[in-house]
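Subject: Structure for you to look at

Hello,

Here is the structure I said I would pass on. Please open it first and then read the notes below it.

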Amino acid sequence: MPELIHTGSIVVDMVMTIDTVPTPGNEVLATTTHLVAGGGLNSMLAAQRGGLPVKFAGLVGTGPFGDIIVQALTENELASIYPRVASKDSGFCVALVDKGGERTFITQVGAESDVSFKHLSQITINDGDLVYVSGYSLAATTNAEGLVRWLGTVPDSTVVFFDPSPLVCQLPEKVFQPLIARASIVSCNLREAQHITGQTRAKDCASRLAELLRPRAHAIVRAGKEPTLISSADDPHSVISVPTFPVDAVDTNGAGDTHAGVVLSSIAQGLSLEQSVRRANAAAAISVTRSGPASAPTADEVDEFLAEHR
């Protein structure tokens, strides 16, 4: 059975719910605060709950944050393929969630950023396996250079899914361009797509992003409540619009990760990209009605939701 080789990183999310993000120099009180393993774990769980086995190719540190991550991995029958890093703890992310469900992040990297080509070269890729790469992995030079070098060794037939992440807006083009050039699927939100392409309208972003891709590759642009757009490198200006599902959002943290994981699990089961995106839209809609980042639904829950929204 195909596996998802997940090269993203897991950090601890310090999730704080607030009324509104304070302006510079001001302060607000959080209504709730909790610590939970997040980052790459969210997309891993979404894929796993969608029926796709996951192989975690990331590092976990030693310390209180690393302990939270190991506990979460163990509870979900996941584990890193590497031993824990003894010399430093894992990183963490302060996630501010306002009353509208919008998120603001501040991240401190840790042991997860030390993944190198030496680590990645230990991975065995079998026929049908899929590879997930996150833009967050580009924050550290060792990790970024290792990923680019390793992706050059990945079989051409292997599906490589690249999620640029909000960090892409702070990176030079030369850092993320090699990943876009190798990706089979690039999936990003509208803000990220606007930054990468220099376009404003969602449809223009989807077309331009597809033009940057290798032959037969696809771009996915997620635009919040608006339809998700799909474009192909082979026909960039023929953009497919996949409707989203209106729900009352409680917490949008992890919605994009849920979308990515369900797209991948659906593709692995033989669905078309359009069918996969429809399932992912449904899964993301379910996830934002739940609190916490690891809110991805199961495949049965997605099936039930879709049956109710025909």
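Keep in mind that this is a predicted model.

I began with strand β7 and its neighbour β8. Strand β8 covers residues 159-163 and runs parallel to β7, with 5 bridges joining the two. Within this pairing, Leu 130 is opposite Val 159 of β8. Between β7 and β8 the chain passes through helix α4, residues 141-151, and this β-α-β crossover is right-handed.

Strand β7 also pairs with β1, residues 4-6; these two run parallel and are joined by 3 bridges. Here His 6 sits opposite Tyr 132 of β7.

How many of the residues of β7 are buried? The count is 5 of the 5 in residues 130-134, so the strand is largely enclosed by the rest of the structure. Buried here means under 20% relative accessible area. In a regular strand, side chains alternate between the two faces of the sheet. In β7, Leu 130, Tyr 132 and Ser 134 point one way, while Val 131 and Val 133 point the other way, and all are buried.

The other element I looked at is helix α1, residues 40-49. Because 8 of its 10 residues are buried, α1 is largely enclosed by the rest of the structure. The buried residues in α1 are Gly 40, Leu 41, Asn 42, Ser 43, Met 44, Leu 45, Ala 46 and Ala 47. After α1 comes Gly 51, with a positive phi near 100 degrees.

Regards

Note on methods:
Residues are numbered from 1 along each chain as its sequence is written. This is a predicted model: local features need pLDDT of at least 70, side-chain atom pairs count only at pLDDT 80 or more; totals for chains, interfaces and linings use all residues. Side-chain values use heavy atoms; hydrogens and water are left out. Buried means under 20% relative accessible area, exposed over 50%, partly exposed in between (1.4 Å probe, protein chains only). Helices (H or I, at least four residues) and strands (E, at least two) are DSSP runs, numbered from the N terminus. Two strands pair if DSSP finds at least two bridges between them. A crossover is right-handed if, with the strands pointing away from the viewer, the path from the first strand over the helix to the second runs clockwise.
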